[in-house]
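Trainee: I would like to go through this model term by term. Please set each value against its cut-off.

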Amino acid sequence: MRKIQEKLQRSGISIGLIVTFLVIILMAIAVNIVKGVNFFSLNNLLNVVRNYSMIAIAAMGQTFVIISGGLDLSVSAVMASSNVVAATYMTSNGLIFPVLLLCLALAALVGMFNGYLVTKRNVPPFIGTLGTSIVINGLRMIWTNGMPRGAIPDGLKNVCTSNFLNMIPNLFMMFVFIAIWYWFLLARTGYGRRLYVVGNNPRVAILSGVRKDRIIITAYIISAVSAAFVGILIGGYTGIADNWAGKGYDLDSVAFAVLGGAVIGGGAGSIQGTILGGFILLMITNLALLASLPLESQLVIKGLIIVTALGITARKR
Amino acid sequence: MSTMGTAVTGSLLKFKDITKTFPGVKALDSVDMDFSYGEVHALVGENGAGKSTLMKILSGVFKPDSGSIIYNGEEVVIKNPHQAQMDGISIIFQEFSLIKHMSVTENVFLNREPVSRAGFLRFGKARERVRELMALLDINLDPDAKVMDLSVVQQQLVEIMKALSVDARILIMDEPSAPLTDKELKKLFSIIRSLKSRGVTVIYISHMLEEVFEIADRVTVIKDGKVMGTFPVEKLTKDNLVGYMVGREIQDIYPDYGKQIGDTIMKVEDLSCKGELEGITFSLRKGEVLGLAGMVGSGRTRLVQAIVGAVRRDSGTITVNGKVIDNISIIGAITEGFCYIPSDRKLEGIITSMDIVQNTTITSLKKFMRSGIIDRKKERIAAEKQIAAMQIKTASLFTQIENLSGGNQQKVLIARALLTDPEIFVIVEPTRGIDVGAKYEIYKLVRELTESGKAILMVSSELPEVLGMSDRIMVLNRGRVAGILDQHEKLSSEEELLSLAVGHTYSLSS
């Protein structure tokens, strides 16, 4: 029994999370029977999955920052900005890749700045990244005059809306690819190990010769670059340039990670946890939608879940 | 004894049979003491003798397990610090409890701000009161100055005013002199004398015996939670005071060791950190334990930090194996062969949510990585080997470190250090919070290290430990080397060590 517990503990997913997941599957079946709407219908599942994939990529980036002991509230601002930059400069299919790289590079700068504020200037992450997001949003509005120009090239639209082998959404494939990558980075590399140490006990990290600031700054870069990538995916998926693409995703990404066992304050969290936590959150909101609860009650349910999850992790500390 | 009337003599406060236990330790053992009106009563004893615990009971921070406190002729129960303050018992802690961003006046009246009937602050009145207090104490400060802009002694004066603003009858000063210069100390003493003349009882805790002899009327010595005696200061000499403070035999729990001391591995010359350390010179040899002793505030921690690169030194050279080491970072220190095992395991040592393997390998992680990826098998095998060598008792390698006992956690930290192939171990308080059996195992481990030629610099507040483990002992006092005792020529006594530590020059020092 202890072996199993240890295995679970090391796997980064708590028993509570798995139980919750199973309960929600049961709820889905119940809604299915009572309301006669099918959560498991292909159409619905595809919708949920596409939506999920995009937020989850940002949430996995956010997970790095939370493990480091921080919080990244500039996720949405970066998403919208990369979305608008992409729409402006991706004037032809041939420019998709170079402009994508440009957006990611700009995002890396934003992440670096966030990390700089938090490490070198000791700004609380909440305030620092919120400030950054306000600045970025402002700059974007000045630049676009409130009206984003340009259009999304068809090539990108095709990639983001079609399915791999006519079955699995390409967005989901991208998510899986990035997830494996991030999981490996966090669970198997020296960087990942040190990130946990920094978040768990910065003092020990320093005394162990870990370059703490560098580790933290990298986490913010990962989060910003992930967000920028999602901003472009949103553009491809919706087909339009949107000054507020990804609105609300910063808090959603935090909620994904926290539901998955990440602890605000650092030291705990995992990619697999965030994936599962996010899926639970999205399933619940989708079930509420299917059960034709009004939007307002959906929000209440979502909020309650987040608060409960935070309450549980906070008590554990 | 009657305490009525205007008695200037007589007992203001009495402790009767006060006992206080913490898990595993009897901090105070039936303490009886009394304090008179308007006296300066010094409380002395080694680190951890129980002085602070006693004062925390008096100021309502702790509750005694048994015993009673008679204050002003009545038995009282001091529930919390606020009540103590209202009853006229004020304490000035070592770390000031001032709010740096507030003004002098705001700090003096913190939580007791005069308010008008409508609930508004009456700031003018508060300021006036502060001016009165300053006149009384002959202090000149701007009542509106922010505390963070004041010097240390000025901050201390604010603390004193804060205490007096509630008409303190007992003022407890815990190591007030540590941050002060000689001139500032004189000022403090003159204020203490003026308080005394106004009938305030001052309880003065200090490691500095010279101060005790200068300011105190009576001295109480506490050792291992027991009162060794209360003496009028004029009946004491420094020698017999130190004798009362020590008065115990070294327990025979220290392992025998072959004294194979090799060449000098590290030389520290004229090392200084502004305001904390001055002109520290010593050498460390292979296969030796150099004990570093001194009272709290003597600069031990700062010296250790300066050596391992946790703080910068202002001047001085450190030479390791003949190579001069510049001011280095911790990372640099690790590559130069230093390792640092800190005293506060929870805060600076263990990574609570990680398992034993991960805790063991963190400092040497690079060894187990290829192009950034951790070879987990290699990591596990290396950790396993160390854990077996240290005889760490654990159910599994993947047990979270916080589930281990203190002694086993300490062993993990030594294992962590060993994986970096260090030559110089800097160990601070190696057995703090560890029970006696495990202590012995740690001592044995330390001896195994020296036998394999490692050099060890060990800071310890426990005198028997320093005396029992060290080949030589360097004693610091107020940031200077007070003396280096060689244990080989003859074993030093606690008296000798303590005399150096408290600044009473003994025959040995220059």
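**Values against cut-offs**

Mentor: Leaving out neighbours up to four places away in sequence, Ala438(B) is in contact with Ser405(B) and Gly407(B). Keep in mind that this is a predicted model.

Trainee: What makes Ser405(B) and Gly407(B) contacts of Ala438(B)?

Mentor: The C-beta atoms, placed from the backbone, must lie within 7 Å. Ser405(B) and Gly407(B) are in contact with Ala438(B) on that rule.

Trainee: Where is Ala438(B) found, and why is it called partly exposed?

Mentor: Ala438(B) is found in helix α15 of chain B, residues 436-451. It has 19 other C-beta atoms within 10 Å. Buried needs 20 or more, and exposed means 12 or fewer. So 19 falls in between, and Ala438(B) is partly exposed.

Trainee: How far apart are Ala438(B) and Lys286(B)?

Mentor: They are 152 residues apart in sequence and 25 Å apart in space, C-alpha to C-alpha.

Trainee: Why is Met33(B) called partly exposed?

Mentor: The count for Met33(B) is 19 other C-beta atoms within 10 Å. Met33(B) is part of strand β2 of chain B, residues 25-36.

Trainee: What does Met33(B) touch, not counting residues up to four places away in sequence?

Mentor: Phe15(B), Thr220(B), Val227(B) and Thr230(B). Gly229(B) is 196 residues from Met33(B) in sequence, and their C-alpha atoms are 8.9 Å apart.

Trainee: What makes Asp17(B) exposed?

Mentor: Asp17(B) has 12 C-beta neighbours inside 10 Å. Exposed means 12 or fewer, so Asp17(B) counts as exposed. Asp17(B) has its place in strand β1 of chain B, residues 11-22. Its phi is positive, about 55°, although Asp17(B) is not a glycine.

Trainee: And why is Gln391(B) called exposed?

Mentor: Gln391(B) has 11 other C-beta atoms within 10 Å. The limit is 12 or fewer, so Gln391(B) is exposed. Gln391(B) lies in the loop between α13 (376-389) and α14 (406-418) of chain B. Its phi is near 55°, a positive value in a residue other than glycine.

Trainee: Why is helix α1 of chain B called largely enclosed by the rest of the structure?

Mentor: Seven of the eight residues of α1(B), residues 51-58, are buried, so the helix is largely enclosed. The buried residues are Lys51(B), Ser52(B), Thr53(B), Leu54(B), Met55(B), Ile57(B) and Leu58(B). After α1(B) comes Gly60(B), with a positive phi near 85°.

**Helix pairs in chain A**

Trainee: How do you know that α3(A) and α12(A) are roughly perpendicular?

Mentor: Helix α3 (residues 42-67) and helix α12 (residues 249-259) of chain A cross at roughly 70°. The range for roughly perpendicular is 65 to 115 degrees, so the term applies to α3(A) and α12(A). Their axes come within 8 Å. The crossing of α3(A) past α12(A) is right-handed. Among the residues making the contact are Ile55(A) and Ile66(A) of α3(A), and Tyr249(A) and Phe256(A) of α12(A). By class, the contact has nine nonpolar, three polar and one charged residues.

Trainee: What makes α3(A) roughly antiparallel to α11(A)?

Mentor: Those two helices pack at about 170°, and their axes are 7 Å apart. Angles over 145 degrees count as roughly antiparallel, so α3(A) and α11(A) qualify. Their crossing is left-handed. Met54(A) and Phe64(A) are among the residues in α3(A) that meet α11(A), whose side includes Phe229(A) and Leu233(A).

**Core and chain contact**

Trainee: How many residues has the largest nonpolar core, and which have the most contacts inside it?

Mentor: The core has 219 residues. Those with the most contacts inside it include Val78(A), Ile203(B) and Ile456(B). Helix α11 of chain A, residues 212-238, gives the most to this core, with 17 residues.

Trainee: What does Ile456(B) touch, leaving out residues up to four places away in sequence?

Mentor: Val289(B), Leu290(B), Phe425(B), Ile427(B), Val446(B), Leu449(B) and Thr450(B).

Trainee: How many residues does each chain bring to the contact between A and B?

Mentor: Chain B brings 22 residues and chain A brings 19. On the chain B side, 14 are nonpolar, seven polar and one charged.

Conventions:
Residues are numbered from 1 along each chain as its sequence is written. Chains are lettered from A and ligands numbered from 1 in the order in which they are written. This is a predicted model: local features need pLDDT of at least 70, side-chain atom pairs count only at pLDDT 80 or more; totals for chains, interfaces and linings use all residues. Two residues are in contact if their C-beta atoms, placed from the backbone, lie within 7 Å. Ala, Val, Leu, Ile, Met, Phe, Trp, Tyr, Cys and Pro count as nonpolar, Asp, Glu, Lys and Arg as charged, and the others, Gly among them, as polar. Axes are lines fitted to C-alpha atoms, for helices over the stretch in contact, and angles run from 0 to 180 degrees between N-to-C directions. Helices (H or I, at least four residues) and strands (E, at least two) are DSSP runs, numbered from the N terminus. Angles under 35 degrees count as roughly parallel, over 145 as roughly antiparallel, 65 to 115 as roughly perpendicular and the rest as oblique. A crossing is left-handed if the near helix is turned anticlockwise from the far one by less than a right angle, and right-handed if clockwise. A nonpolar core is a set of buried Ala, Val, Leu, Ile, Met, Phe, Trp, Tyr and Cys residues joined through C-beta atoms within 7 Å.
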